[in-house]
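Subject: Structure handover: helix packing and pockets

Hello,

Here is the structure I promised to pass on. Please have it open while you read the notes below.

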Amino acid sequence: MDLHDDARSLQDELVRLRSDLHREPEIGLDLPRTQERVLRELDGLGLEVSTGTDTTSVTAVLRGEGTARDSARPRTVLLRADMDALPVAEATGLDFAATNGAMHACGHDLHTTSLVGAARLLHTHRDRINGDVVLMFQPGEEGWDGAGVMLREGVLDAAGRRADAAYGLHVFSSMLPSGQFASRPGTLMSASYRLLVTVHGEGGHGSMPHRAKDPITATAAMITALQTMVTRRFDIFDPAVLTVGVIRGGTKRNVIPATAEFEATVRCFSDAAGALLDTAIRETIDGVARAHAVTADVVFESEYPVTVTDVDETAFGAEVVRETIGEQYYTELPNPVAGSEDFSRVLAEVPGTFLGLGALMPGLEPDTAPNNHSPYADFDPSVLSRAATVYAELAVRRLDRFAEGATR
């Protein structure tokens, strides 16, 4: 079967679907319009479809009908696409730009579209598929742990037995040339944590700071101290990244407030570094607070674990890309990426891999194009047929190998 040729014939339909999804982005775990559209696109493909109870997820099982299928113990491959958007006001100027204050600034509209395309390819060739394929359409990747919710609801066992392998992909508006796939074995993406610090002082008049205990200056000192701490407490070969994205405090320029707070995202690449982060952050904040005669409440919460790909499955993913798209279209990343993914939860349970895919718009440079999450981020829709092809080929070829007895 030549899935790539079939995928090319779907390209125009996929572009239209992606534009429709982009026009109506939804945030978090509740994506009713997106779910409805996905269900409509899957209708008629002979899939066993179920939806989530705690989230608007869609899980679809395709039963392959290949002659090499082991009916007593069919093997299962899971393919995942996330569907949610971000609370970003779009500034791309596209004809199909969102106008509701949200935006598919991370390309999840392309992921969803590509997996729909893969579903159509697999349906067309189901008589040659030697096992079952679970299609995981997931809400809430952007900080809502939608993968964790779907795992609790049983997505890994949706076919009636535990998935044997799992694959996902993610598009990038910069960093990689359009159509270029990339991954690496082992540690691929960072763990992420949420840090919230509330500083308690004593309010007063801005002209007499000695009569108050200023939480604003203490907050500023804490932020600076944390940036220094991550460069001095961590091995440069097992680093941590801490970025403060929110600062709140004060009501008027000549009033010292009683409280201030800040929030940060924190990333690292190992469990050992994660354990050290908790201790080091609390020690740093406590020390600065005492120096400023204030107190501080610290909330440090784990969000997603490190994304670790299976060595053999990553080699398999590279092989699939090279053989179906072209030898030159796969790159092994030299270093992990500091972004985080809740697909890490799936890979912690099932051997698999996660592929990056460049979707750089024509005329732009990888190093200077707007990044994912930017209000100006735009993605090249020409990659849709390639993404659909790779999704489908990963499932078909892995099930073929299972059927041939080529176990890991």
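First, the ground rules. This is a predicted model: local features need pLDDT of at least 70, side-chain atom pairs count only at pLDDT 80 or more, and totals for chains, interfaces and linings use all residues. Residues are numbered from 1 along each chain as its sequence is written, and side-chain values use heavy atoms, with hydrogens and water left out.

Helices (H or I, at least four residues) and strands (E, at least two) are DSSP runs, numbered from the N terminus. Axes are lines fitted to C-alpha atoms, for helices over the stretch in contact, and angles run from 0 to 180 degrees between N-to-C directions.

Start with α3 (residues 108-124) and α9 (residues 384-404). Their axes come within 8 Å and cross at roughly 55°. That makes α3 oblique to α9. On the scale used, angles under 35 degrees are roughly parallel, over 145 roughly antiparallel, 65 to 115 roughly perpendicular, and the rest oblique. The α3 and α9 crossing is right-handed. Handedness is left if the near helix is turned anticlockwise from the far one by less than a right angle, and right if clockwise. On the α3 side, the residues that meet α9 include L110, L115, A118 and L122. Their partners in α9 include L384, A388, Y391 and V396. Contact means heavy atoms within 4.5 Å. By class, this α3 contact with α9 has eleven nonpolar, five polar and no charged residues. Here Ala, Val, Leu, Ile, Met, Phe, Trp, Tyr, Cys and Pro count as nonpolar, Asp, Glu, Lys and Arg as charged, and the others, Gly among them, as polar.

Next, α1 (residues 3-23). Its axis lies 7 Å from that of α9, at an angle of about 130°. The two helices, α1 and α9, are therefore oblique to each other. Their crossing is right-handed. Residues of α1 in the contact include L3, R8, L14 and R18, and those of α9 include R386, A392 and E393. The α1 contact with α9 divides into eight nonpolar, four polar and four charged residues.

Then α7 (residues 311-324). It packs on α9 at about 120°, with the axes 10 Å apart. That makes α7 oblique to α9. α7 also passes α9 in a right-handed crossing. Among the α7 residues that meet α9 are E313, F316, E319 and E323; R397, R398 and R401 are among those on α9. The classes in this α7 contact with α9 are five nonpolar, three polar and seven charged.

**Pockets**

A pocket is an open set of points on a 1 Å grid over the protein atoms alone, where a 1.4 Å probe fits, with protein on both sides within 12 Å along at least five of seven lines; lining residues have an atom within 4 Å of a point. Points are joined across faces, edges and corners, and a volume is the space filled by probe spheres set on them.

The largest pocket holds about 1,100 Å³. It has 37 lining residues, with L86, E142, T265, R267 and H373 nearest its centre. β10 (240-249) gives the most to this lining, five residues. The classes in the lining of the largest pocket are 18 nonpolar, twelve polar and seven charged.

The second largest pocket has a volume of about 180 Å³. Of its 13 lining residues, F172, M175, L176, L333 and V337 are closest to the centre. β16 (352-358) supplies the largest share of that lining, three residues. The lining of the second largest pocket has ten nonpolar, three polar and no charged residues.

Best wishes
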